[in-house]
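This report looks at strand pairing, sheet order and nonpolar cores. The model comes first, the reading after.

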Amino acid sequence: MKQFSLAICAAIFLSACGGSSSVASSTTSGTSGATNGAGVTNASAVFNLPGTPTNVTGIAGDGSVTLNFMAPASDGGATIASYTATCMAGSVSRTISTTSSPVVVTGLLNGTKYRCNVAAVNAAGVGAVSASVELTPVVATAIAIDPSKVPLGDGKFSQTGPAVGYVYTCYSANGGGGASSKGPWFNSDGLTWNSLSKISVQGAVNWTSSFLVSFGSTLGITGNGLPPNPTGTFPIASTDPAYAYDRNPNAIAQANIAWGLPAHPVVADKPRCTGLGAIGVLLDGVRLFNADDGANRDAVAWEIQDACQGHPERTGKYHHHNVSSCLTQKDTPGQHSPLVGYIADGFGLYGNLGENGKALTNADLDECHGHTHMIVVNGVAVNQYHYHQTKEFPYTIGCYKGTPVSIN
Ligand SMILES: [Zn+2]
Ligand SMILES: [Zn+2]
């Protein structure tokens with residue numbers, strides 16, 4: 001009789017047996033039917049619940065965990081028909097049935113810690129669950145863009161509206177591209193360029209940099225526009241190999257920043273276009289421009305910047321067109337990138353890694369090159385829009401998601 005009641009318990013599987021409030025999509029209904037039948041036809045047979053699976057270990061995957069286990073010492077006198085692997089996070093659980101180790105439990109949320117266990121099932125029902133293992137599924141961190149084949153952004157500019165992978169501009173191309181000819185780092189496919197073989201402007205010129213960010217009624221950005229890292233020698237010397245492709249004649253000059261950006265940015269009714277000139281600032285205190293060289297070509301591919309990806313424009317303003325590799329804000333694998341700059345609408349710009357360290361591409365971001373989730377802004381956790389760097393064009397933002405203030 002004891003065995004029979006346990007079989008009934010198994011037949012209605014946990015829901016009335018105090019097990020859990022399972023929302024499993026893979027249930028043991030097939031097993032339940034078999035158990036119920038066994039309970040009826042073998043009511044007089046002598047068998048017990050199976051023992052507990054042992055040596056349970058697990059590996060976290062992308063939205064899943066893989067559990068390894070060993071069969072229990074006792075099968076209770078009846079063949080073990082299956083195992084149920086259950087992963088729980090709070091009141092949510094996922095249960096998968098399997099006939100042997102290992103078992104992959106899918107449909108889990110990345111970044112959420114689960115407690116997972118395994119139980120054996122025989123004709124008498126579900127045995128006691130094993131010891132739990134704690135696992136947190138994570139997005140696989142892959143190099144999403146091949147640095148030797150970076151998609152070229154030439155022509156990916158629009159004056160009529162924003163689009164994913166494009167820069168929305170308030171102006172038409174003016175033919176002012178700085179590069180005079182195509183370097184050998186452009187691949188022969190005509191569609192990509194090799195960021196590993198592109199040359200830099202030579203030299204190591206030191207500057208005294210000043211830069212300060214303050215939170216008040218506005219997000220205050222002040223500085224002299226000069227970097228803490230050495231720059232290349234500008235104008236580009238005729239003896240510099242870069243001169244063959246880009247004869248930037250401009251010298252770097254101090255250009256003070258005194259901006260009051262929105263301290264509490266909000267998403268605007270519609271995206272706004274970007275102009276030529278500063279669209280924000282990176283945390284090295286250097287202005288950020290969009291990815292246009294002025295001629296609607298990919299500035300990062302065409303123009304030759306220095307080793308920290310900066311160069312001066314006509315009035316001497318030193319600036320970046322992508323996120324400088326010289327920033328002290330570095331990524332940690334498996335984690336969201338740190339803040340690397342501020343955009344003119346007050347929203348932050350972050351590095352390439354999204355939640356759980358996923359390397360982001362344009363496909364992961366909206367038309368302005370951002371997304372919304374919990375981030376920490378000025379020490380406070382908020383569910384807020386923010387932009388991300390990508391390794392592909394447009395590298396930083398495609399448009400303003402908020403309302404930009406006028407910056408110089
Ligand atoms: Zn430029
Ligand atoms: Zn993010």
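## Strands S13, S14 and S15

Leu 219 has Leu 261 as its bridge partner in S15. Strand S14 (residues 218-223) carries five bridges to strand S13 (residues 211-215). Six bridges join S14 to strand S15 (residues 257-262). The S13 and S14 strands run antiparallel, and S14 and S15 pair in the antiparallel sense. Phe 211 has its bridge partner in S14, at Gly 223. A hairpin of two residues joins S13 to S14.

Two terms need their cut-offs. Strands are DSSP runs of E with at least two residues, numbered from the N terminus; helices are runs of H or I with at least four. Two strands pair if DSSP finds at least two bridges between them.

## Basis of the model

This is a predicted model: local features need pLDDT of at least 70, side-chain atom pairs count only at pLDDT 80 or more, and totals for chains, interfaces and linings use all residues. Residues are numbered from 1 along each chain as its sequence is written, while chains are lettered from A and ligands numbered from 1 in the order in which they are written.

## The three-stranded sheet

Three strands form an open sheet, ordered S1-S2-S5, with antiparallel pairing. Its edge strands are S1 (54-60) and S5 (103-105), and each pairs on one side only. On average, neighbouring strands of this sheet are turned by 25 degrees against each other, direction ignored. Here axes are lines fitted to C-alpha atoms, for helices over the stretch in contact, and angles run from 0 to 180 degrees between N-to-C directions.

S1 and strand S2 (residues 65-70) are joined by five bridges. Ala 60 finds its bridge partner in S2 at Val 65.

## Strand S3 and its partners

Strand S3 (residues 82-89) pairs with strand S4 (residues 92-98) over seven bridges, in the antiparallel sense. Strand S6 (residues 114-122) also pairs with S3 over seven bridges, again antiparallel. Ala 89 stands opposite Val 92 in S4. Met 88 faces Arg 115 in S6. The S3 and S4 hairpin has two residues between the strands, and Gly 90 takes a positive phi near 65 degrees there.

Thr 79 sits in the loop between S2 and S3. This residue is exposed, because 10 other C-beta atoms lie within 10 Å. The scale is set by C-beta atoms placed from the backbone: 20 or more others within 10 Å make a residue buried, 12 or fewer exposed, and values in between partly exposed.

## The eight-stranded sheet

Eight strands build an open sheet in the order S18-S19-S17-S16-S20-S21-S23-S22, with mixed pairing. S18 (311-312) and S22 (370-377) each have a single partner strand, so one side of each is left without a neighbour in the sheet.

Inside the order, strand S16 (residues 278-282) and strand S17 (residues 287-289) pair antiparallel over three bridges. Ala 278 stands opposite Phe 289 in S17.

## Nonpolar cores

The largest nonpolar core has 50 residues. Ile 279, Val 281, Leu 282, Tyr 342, Ile 343 and Tyr 387 have the most contacts inside it. A second, separate core of 21 residues includes Val 65, Ile 80, Val 105 and Val 121. Such a core is a set of buried Ala, Val, Leu, Ile, Met, Phe, Trp, Tyr and Cys residues joined through C-beta atoms within 7 Å.

Leaving out residues up to four places away in sequence, Tyr 342 touches Leu 219, Ile 221, Leu 261, Gly 280, Val 281, Gly 348 and Leu 349. Contact means C-beta atoms, placed from the backbone, within 7 Å.

Terms used:
Contact = placed C-beta atoms within 7 Å.
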